[in-house]
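Morning, everyone. I have one structure for you today. Please bring it up on your screens.

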Amino acid sequence: MLNSVKGMMLTLASTFTGLRKPVTRQYPTVPTPVQPRFMGFPALTWDDGVGEPYCTGCMVCIRNCPTQCMSASMMDNPLNEEGKSSRRKIVDYFEINLNRCILCGICVEVCNFDAIVMSHEHEMSTYQRNGDRVDLPALLDIGKKYQVNTAWIPPTVLAKAKKEAEDAAKAAAAAEASSGETAAAGQEAT
Amino acid sequence: MLLNMGPQHPSTHGVFRMVLWVDGEKIVDVEPHIGYLHRGSEKLCEGEQYHQVITLFDRLDYVANFNNELVYCQAVEKLMGLDVPERAEYIRVILCELNRIASHLLYVGTIGLDAGAMTPTMFAFRGRERIQALFEAVSGARMMHNYFRIGGVKEDLPGNFEQMMGELLPLLREDVEESDRILTFNEIFLSRLKDVGTISAEDAVDFGFTGPCLRGCGIEYDVRRAQPYSIYDRFDFDIPVGLDGDCWDRHWVRVQEMYESLKIVDQALEQMPAGEVVSSLGRRLIRPPAGEVYVRAENPRGEIGVHLISNGTDRPYRLKIRPPSFCNLSAIKHLLRNSWIADSVVILGSLDIVLGEVDR
Ligand code: SF4
Ligand code: SF4
């Protein structure tokens, strides 16, 4: 009996002292922001400098996908023949069955051409069974949206910049060390 | 009378069916039926390359994804003799312990529901939600992370990780304390759980109990201490044990474990070094030498074991998983016989099964 009263007091105390802000999010009506690393559906990126997709249709991602939900084919790049692009091959046809995709991000990891990203798109329910089999233009659209929203920089460019910065820092440190040595040697000589 | 419970029953924690033979309010016999969530994970593993198998392990015990990924990665690393960078080990431990808390919070919420208390569920899920937001920031996904890699982790922690942890930990400690305070010693809760579903230590060992269910019977066995893997030998933590192996003891052990996990996270954050997060070997195509290993680890639900046989190709030859939930569930007949119908839900809840792991 005494314990029940105690329990009741605890409840009351929580009710009054605990007038905290609600943590519930009104999700479908109010969109919830996602974290920068969020992995939504995969999408293809667009190279603005040349005006073509980054993807060369090399099929590496397709061979590495655990659910085999993608397919693609490549063709000779017409822009390369005109000398406008450095890509000799370009994607001709690309399809991802997003209903099968498990959003694992392996395709992004294995792609060597910065061509595929995990976009922030995650609301793609449809009423058709095959409604989420998306083709190249649709994937590029999602990708473009992602690129604009997140000010996307190709990861290889980032990695290169980082490496250069590190090398420069190392070189600077080495130069400092050697100059310090020469200075010390100079002092000894005098 | 024959009473069918499940597979679509809210208290069976997934798709699990029990056929109960009852005499009045007493359960005479019970027949558990599993397999509604069978996806053939073990067979699927044989068709996937080593780095793709991680995605399948995410989906085994879907409330403790990081712990599952860890045990698989460790199995392959042991087979290849791969060294994991220090920083990656610390990242793994921090995430695994947070995941243990998230899993136990989910348990606290559901056992509250099973015993008829609604409020703890809300509080526990608030805490779990905070952890999942952190997971999303680190790995990009709330549940199916695919973040651990053979030989390390996918990428380094985000830049604001320290700050996020600084905000998360005090709130989390509050959440754990609060769900503990309002539930554990509550009068009604005590009378629903105390001396219900009691199992003796010998029986528990015979049934192959592990994890909190075994420790609830008073046996101090934790793989993290009995056979330290990863870097668990560097941390100072206690192993809570219960007294008489009833539902309440199992509950108490889990609640105390959350405090211990918080301790481990604090220590790991303090000791975490800088450096590489994935060994250079792990980035290449993974092709372990022929051979077999057995690796075990402490999941929130008990001891998970992975028996991996490789024949030298890029896919596992055979992968056998020893799921803790399955072994704990095997005692359901023993526990439910001669108990009341109303208690069956609580007993099942206190075993804390996850059907993704039972059925595989
Ligand atoms: S997305 Fe990348 S890996 Fe996939 S086909 Fe295109 S270039 Fe190759
Ligand atoms: S995210 Fe995973 S499942 Fe989806 S397309 Fe990429 S590799 Fe395939």
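Start with two helices in chain B. Helix α11 covers residues 247-271 of chain B, and helix α14 covers residues 341-351 of chain B. They pack at an angle of about 35°. Their axes are 9 Å apart. Is the crossing of α11(B) and α14(B) left-handed or right-handed? It is left-handed.

Which residues make the contact? From α11(B), look for B:Cys247, B:Arg250 and B:His251. From α14(B), look for B:Val346, B:Ile347 and B:Ser350. Sort the residues of this contact by class, and you get 3 nonpolar, 2 polar and 1 charged.

One caution before we go on. This is a predicted model. For chain A, the mean pLDDT is 79. In that chain, 86% of residues reach 70 or more. Where is confidence lowest in chain A? In helix α1, residues 2-17, with a mean of 68. Strand β1 of chain A, residues 42-44, has the highest, at 88. Where pLDDT is low, the coordinates should not be read in detail.

Keep α1(A) in mind for the next part, where the two chains touch. Here 17 residues of chain A are in contact with 14 residues of chain B. On the chain A side, α1(A) gives the most, with 5 residues. By class, that side has 10 nonpolar, 6 polar and 1 charged residues.

Now chain A as a whole. How many helices and strands does chain A have? There are 6 helices and 7 strands. From the N terminus, the order is α-β-β-β-α-β-α-β-α-β-β-α-α. Chain A has 190 residues, and 22% of them are buried. Next, take the contacts in chain A between residues at least 6 apart in sequence. Of these, 72% join residues at least 24 apart.

Last stop: the ligands. Ligand 1 is surrounded by 13 residues. The closest are A:Cys55, A:Cys58, A:Cys61, A:Cys111 and A:Ala115. Its shell has 11 nonpolar and 2 polar residues, with no charged ones.

Turn to ligand 2. How many residues surround ligand 2? The count is 14. Here the closest are A:Cys65, A:Cys101, A:Cys104, A:Ile106 and A:Cys107. What classes make up the shell around ligand 2? It holds 12 nonpolar and 2 polar residues, and no charged residues.

That is the tour. Questions, please.

Methods: Residues are numbered from 1 along each chain as its sequence is written. Chains are lettered from A and ligands numbered from 1 in the order in which they are written. This is a predicted model: local features need pLDDT of at least 70, side-chain atom pairs count only at pLDDT 80 or more; totals for chains, interfaces and linings use all residues. A residue is near a molecule or strand if its C-beta atom, placed from the backbone, lies within 6 Å of it. Ala, Val, Leu, Ile, Met, Phe, Trp, Tyr, Cys and Pro count as nonpolar, Asp, Glu, Lys and Arg as charged, and the others, Gly among them, as polar. Helices (H or I, at least four residues) and strands (E, at least two) are DSSP runs, numbered from the N terminus. A residue is buried if 20 or more other C-beta atoms lie within 10 Å of its own, exposed if 12 or fewer, and partly exposed in between; C-beta atoms are placed from the backbone. Two residues are in contact if their C-beta atoms, placed from the backbone, lie within 7 Å. pLDDT is the predictor's confidence in each residue, from 0 to 100. Axes are lines fitted to C-alpha atoms, for helices over the stretch in contact, and angles run from 0 to 180 degrees between N-to-C directions. A crossing is left-handed if the near helix is turned anticlockwise from the far one by less than a right angle, and right-handed if clockwise.
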